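Biologist: I would like to learn how to read a model of this kind with care, one feature at a time. Could you take me through it, giving the general idea and then the case at hand?

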Amino acid sequence: MTPNELKYSLIEKLCLALVFAIQKLKHYFQAHVVRLVSRANPIKFVMSKPVLNDRLARWYLQFQQFEIVYFPQKVVKGQALADFLADHPIPDDWKLTDELPDEDAMFIKVQPPCKMYFDSAAHREGAGAGVVFVTSQGEVLPYSFTLTQHCTNNVTEYQALILGLEMAVDMRQFQLHIFVDSELVINQLLGSYEVKKP
């Protein structure tokens with residue numbers, strides 16, 4: 001569309017669309033009665049003008065050459081449903097049932113959560129931590145770390161827990177069963193013990 005045509009009113013744009021259709025599909029317009037289904041009647045709009053300008057006069061002459069019958073557009077949503085039901089009637093012997101023919105289609109298998117085991121050790125030479133993941137498919141993924149700082153046994157247990165949780169987040173394992181042999185770590189995580197030092 002040209003910049004001037006973009007400024008047309010909606011009914012004028014509809015007339016213009018009909019003119020374009022006539023120009024492109026002239027052989028169909030000559031051979032058949034054309035049924036124009038639209039919300040507005042462009043032919044009536046052109047014919048109702050008391051004075052036709054140049055553009056409207058040209059459109060009027062093009063519309064008069066062919067047999068174009070206007071039908072108002074009905075509501076599409078409701079009509080589509082009504083047409084479907086009319087084309088596909090329900091048989092009289094058809095019964096409603098709540099049972100599903102294929103129960104496996106509604107079966108959801110919930111994967112068990114991943115398990116994480118961790119432990120650590122500290123001595124004069126240094127400290128280390130170990131983390132083992134057991135996936136829901138039974139795969140065993142062992143990891144070991146050397147801690148560079150000198151720490152107590154309790155601190156190494158916490159470091160092993162933190163490393164394991166960071167790895168679980170990286171592996172996108174958000175449901176996790178955690179196993180450890182340190183009563184202190186378990187009770188502090190559950191809130192039974194108070195933490196005295198940061």
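Biologist: Let me begin with the pockets: what volume does the largest pocket have?

Modeller: This is a predicted model, and in it the largest pocket has a volume of about 260 Å³. Its lining consists of ten residues, and those lying nearest the centre of the pocket are Asn-154, Val-155, Tyr-158, Gln-188 and Lys-197. Two elements, helix 7 (153-170) and helix 8 (183-190), each give two or more residues to this lining, and helix 7 gives the most, with three residues.

Biologist: How many nonpolar, polar and charged residues are in the lining of the largest pocket?

Modeller: Sorted by class, five residues of the lining are nonpolar, three are polar and two are charged.

Biologist: Returning to helix 7, which of its residues are buried, and why do they lie on the same side?

Modeller: The general idea is that an α-helix has 3.6 residues a turn, so residues three or four places apart point the same way. In helix 7 the buried residues are Thr-156, Glu-157, Ala-160, Leu-161, Gly-164, Met-167 and Ala-168. Because these residues cover an arc of only 140° around the axis, they are on the same side of helix 7. The helix itself has 18 residues and reaches 26 Å from its first C-alpha to its last, close to the 26 Å expected at 1.5 Å a residue.

Biologist: What lies in the loop between helix 7 and strand 6 (176-179), and is that residue buried or exposed?

Modeller: Most residues other than glycine have a negative phi. Arg-172, which lies in that loop, has a positive phi of about 60° although it is not a glycine. With a relative accessibility of 63%, over the 50% cut-off, Arg-172 counts as exposed.

Key
Residues are numbered from 1 along each chain as its sequence is written. This is a predicted model: local features need pLDDT of at least 70, side-chain atom pairs count only at pLDDT 80 or more; totals for chains, interfaces and linings use all residues. Side-chain values use heavy atoms; hydrogens and water are left out. On a 1 Å grid over the protein atoms alone, a cavity is a set of points where a 1.4 Å probe fits but cannot get out, and a pocket is an open set with protein on both sides within 12 Å along at least five of seven lines; lining residues have an atom within 4 Å of a point. Grid points are joined across faces, edges and corners, and a volume is the space filled by probe spheres set on the points. Helices (H or I, at least four residues) and strands (E, at least two) are DSSP runs, numbered from the N terminus. Ala, Val, Leu, Ile, Met, Phe, Trp, Tyr, Cys and Pro count as nonpolar, Asp, Glu, Lys and Arg as charged, and the others, Gly among them, as polar. The expected span of a helix is 1.5 Å times one less than its number of residues. Buried means under 20% relative accessible area, exposed over 50%, partly exposed in between (1.4 Å probe, protein chains only). The arc is that of the directions from the helix axis to the C-beta atoms.
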